[in-house]
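Please keep the structure open as you go through the points.

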Amino acid sequence: MVLYLFVVWVLLVIITHAIAFGAELLIASSDQPVVKWETTDECTDGTRTIYYNSPSLYQEFKVKIKDSKIVDAELGSLFTIGATVNAEQVEYTDSHATYRIDLSILGRPSRICLLECETRGTTLHMSEIQMRPDKEPLKG
């Protein structure tokens, strides 16, 4: 009986994740970039971990801040369900950092995910943006 309940629970988790992943892909397939998450925080000195977590994607990178400026950015953890990472890169200036991953499903490009942070005065703005691979992000 316990084994049966465990199997049913596992199937429910798999089905829930599949539905959530399909919904994310449906949203990300639109012509416009989709902001999946955004927030602000104090721009304090030290290392910050910027991350986005959904049922199908966990993405993070680390940003070092000194005197309200970004002085370094580096890769963190990445985990996907049902997708393959084709490319990943981190770029930064003293006020903006981006962690970009290109995902594919069944060998076909499916979406680009941008995890970003930007310093504006003493505030750190963070967001996760998803878009179709044929729509390049606008440079701001």
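**Aromatic pairs, sheet and surface**

Counting rings of Phe, Tyr and Trp (its six-membered ring) as paired if their centres lie within 6.5 Å, the total comes to two aromatic pairs. This is a predicted model, where local features need pLDDT of at least 70, side-chain atom pairs count only at pLDDT 80 or more, and totals for chains, interfaces and linings use all residues. Residues are numbered from 1 along each chain as its sequence is written, and side-chain values use heavy atoms, with hydrogens and water left out.

**The F61–Y99 pair**
- The ring centres of F61 and Y99 are 6.0 Å apart with planes at 50°, so this pair is tilted (under 30 degrees is stacked, over 60 edge-to-face, the rest tilted).
- F61 belongs to strand β3 (residues 57–66) and Y99 to strand β6 (residues 96–105), so the pair ties together parts 38 residues apart in sequence; strands are DSSP runs (E, at least two residues), numbered from the N terminus.
- F61 and Y99 are both buried (under 20% relative accessible area, 1.4 Å probe, protein chains only).

**The sheet**
- An open sheet of five strands runs in the order β1-β8-β7-β6-β5, with antiparallel pairing; strands pair if DSSP finds at least two bridges between them.
- Its edge strands, β1 (34–42) and β5 (84–92), each pair on one side only.
- β6 pairs with strand β7 (residues 108–120) in the antiparallel sense over 10 bridges, and A97 stands opposite C117 in β7.

- M1 is exposed, at 74% relative accessible area (exposed means over 50%).

Key: Helix = DSSP H or I, 4+ residues; strand = E, 2+ residues; numbered from the N terminus.
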